[in-house]
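Take a moment with the sequence and the fold.

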Amino acid sequence: MFWGALEWILLGAGGVGAITYGVRRHRPARQAPWWLLAGSLAALAVGDVCYSYRWMNVADIFYLLMFGLTALCLLQFTRGGALLGDRARLIDLLAATCTTLLVVWVFVIGSDRLHTVSATDVIGDLLLIGVAGRLVAADRRNASAWLLLAGALGMLTGDLVYPLVKNWMTESAFVVLYVCWGLAALHPSMVRLTEPAPPRHSPWKFRWSVLLTLAASTPPAVLLIESLRGEVEDGLVIAITGAVTLLLTITRLADAIRQNSQALTREQGLRVATAALVAAADRPAVDAAVRAAVAQLLPPHAVRRVSLADELAVTELPREPTGPADRSWWLPAADPDDRILVCPLRLEPLDVARPSGGALVITGRREDLITGHDALEVLAGQAALALDRITLVEAVGRRDSDLYLRAVIRNTADLMAVIDVDQRIRYSSPALRDVLGQTELPPLATLDELIHPDDQARVRNALRSHGDGTVHCALQRADQGQVLVELTYRDLREDRLVQGLVLTMRDITRNHDPAERHPQAEYTGEMPAWVNRRSAQQRFRY
């Protein structure tokens with residue numbers, strides 16, 4: 001008796017210790033099902049110890065506790081996992097199987113034929129085998145799922161054979177349960193059993209609803225039939241089966257309510273975000289709308305960082321090449337429980353609006369990000385549309401402003417030009433083209449191409465500084481001649497309609513000696529290089 005109890009104590013302690021070590025080492029996404037599995041092993045070990053000392057009533061209590069913890073463990077394993085994203089069909093089948101076994105046991109087998117075999121234990125073992133078998137079917141290469149299935153088969157074998165033939169061989173079937181479940185937690189594949197995955201919603205079908213209704217109504221019907229026959233012989237089996245079926249039915253309804261609530265929340269959040277993005281007039285407004293939408297779509301504690309990046313860093317690019325259809329990719333975060341979701345803000349038909357693209361980068365808890373993955377991709381698409389619309393509206397506005405300016409000053413004698421931030425000439429007046437001796441400028445001409453090489457660096461540095469100013473330089477004509485001008489620039493890069501620099505030039509060539517128009521070797525002062533160059537004879541002739 002003592003040695004038998006010691007054996008179960010060592011097996012229970014070893015199984016619980018193995019699960020604890022595996023959870024600490026592999027750090028699965030959800031640890032609750034593994035802790036429940038460890039609790040069920042501990043309850044089973046205590047029940048076996050009580051059974052060794054012939055404390056049957058206490059042992060039955062711990063055995064029932066073991067089945068209760070195992071049932072909660074199964075519910076956690078099938079909740080939003082990578083293998084079972086949608087457990088609705090599994091719950092329907094388990095409920096139908098449970099009630100079918102009840103009917104077979106009561107009306108076909110009968111308790112008088114196998115009076116030593118516990119019907120509740122057999123039904124619970126079969127449900128456990130059904131869930132473990134579903135996990136194996138979803139991923140046949142998962143060793144942890146196979147070990148869970150082997151442990152459940154060992155438990156079923158023990159519950160069927162040991163009451164009929166009590167010896168060490170039949171008792172060893174229960175040892176398989178302890179060993180296999182402990183090894184299941186030690187194997188690295190245990191992480192995939194609870195890896196979060198996007199929820200997959202099954203369409204409502206009438207036949208599945210009928211199946212669940214029949215499963216929920218079968219235990220009361222069996223109880224009614226037995227009571228009409230005169231004596232209720234399987235009351236405990238009917239009560240436990242009814243409780244299990246009711247639990248599965250409530251879980252099924254709770255899942256449906258939760259999915260519907262999440263869908264409504266996502267729909268409302270995306271609707272509000274779409275309205276805000278449509279009304280956004282600039283990039284800060286788009287950024288504020290996106291942040292508000294993310295705060296509504298995800299739990300507040302699940303988000304670490306949200307940003308709209310103009311350009312992606314090297315560390316934020318996908319590790320593997322992605323195709324044009326890929327709308328997001330994942331990157332590791334500093335915290336093992338977190339992930340970085342990168343949703344590019346680029347729509348193929350409108351790449352011309354924002355060639356640099358950019359992306360919506362969200363860092364947060366992996367499970368919550370995976371749950372809201374689809375909604376975040378839709379939000380990124382809406383943000384991309386808003387940014388493209390703003391960019392195109394600004395481009396159209398600048399084009400209309402340039403056309404208006406071109407029409408107004410078509411016959412003016414002023415030398416003027418409008419350049420972008422990269423110093424590409426967006427507009428030049430006809431008088432400037434006449435001075436340069438060109439009918440039209442090249443489409444992508446820059447200001448450096450019009451300035452004399454000796455003055456290019458000084459003009460470039462002046463235009464890079466913020467603010468207005470004046471600089472003297474020489475323009476290079478098409479016939480290699482030079483025109484001395486006083487260039488006054490006005491910084492309108494922050495102006496929404498201009499977004500560039502407006503240059504006004506005044507020809508001052510006639511105010512200097514024509515002999516000074518030839519470039520020499522050095523220059524000083526603020527005037528153009530070829531104006532300040534003097535020979536030693538000219539400087540010291542007195």
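I419 stands opposite I425, a residue of β6. This is a predicted model. I419 sits in strand β5, which spans residues 415-419. Strands β5 and β6 pair in the antiparallel sense, with three bridges between them. The two strands form a hairpin with five residues between them.

Now turn to the strand β9, residues 500-507. Five bridges join β5 to β9, and these two strands also run antiparallel. I419 has a bridge partner here too: L501 in β9. Further along, M416 stands opposite T504 of β9.

What holds such strands side by side? Strands of a sheet pair through backbone hydrogen bonds, either parallel or antiparallel.

Step back to the whole sheet. Five strands make up an open sheet, in the order β6-β5-β9-β8-β7, and the pairing is antiparallel. Which strands lie at the edges? They are β6 (425-428) and β7 (469-476), and each pairs on one side only. Neighbouring strands of this sheet are turned by 30 degrees against each other on average, direction ignored.

Are the faces of β5 covered or open? Both are covered. L415, A417 and I419 are buried on one side, and M416 and V418 are buried on the other.

Finally, look for helix α15, residues 453-464. Helix α15 lies across β5, β7, β8 and β9. The helix runs at about 150 degrees to β7.

Conventions:
Residues are numbered from 1 along each chain as its sequence is written. This is a predicted model: local features need pLDDT of at least 70, side-chain atom pairs count only at pLDDT 80 or more; totals for chains, interfaces and linings use all residues. Side-chain values use heavy atoms; hydrogens and water are left out. Two strands pair if DSSP finds at least two bridges between them. Helices (H or I, at least four residues) and strands (E, at least two) are DSSP runs, numbered from the N terminus. Axes are lines fitted to C-alpha atoms, for helices over the stretch in contact, and angles run from 0 to 180 degrees between N-to-C directions. Contact means heavy atoms within 4.5 Å. Buried means under 20% relative accessible area, exposed over 50%, partly exposed in between (1.4 Å probe, protein chains only).
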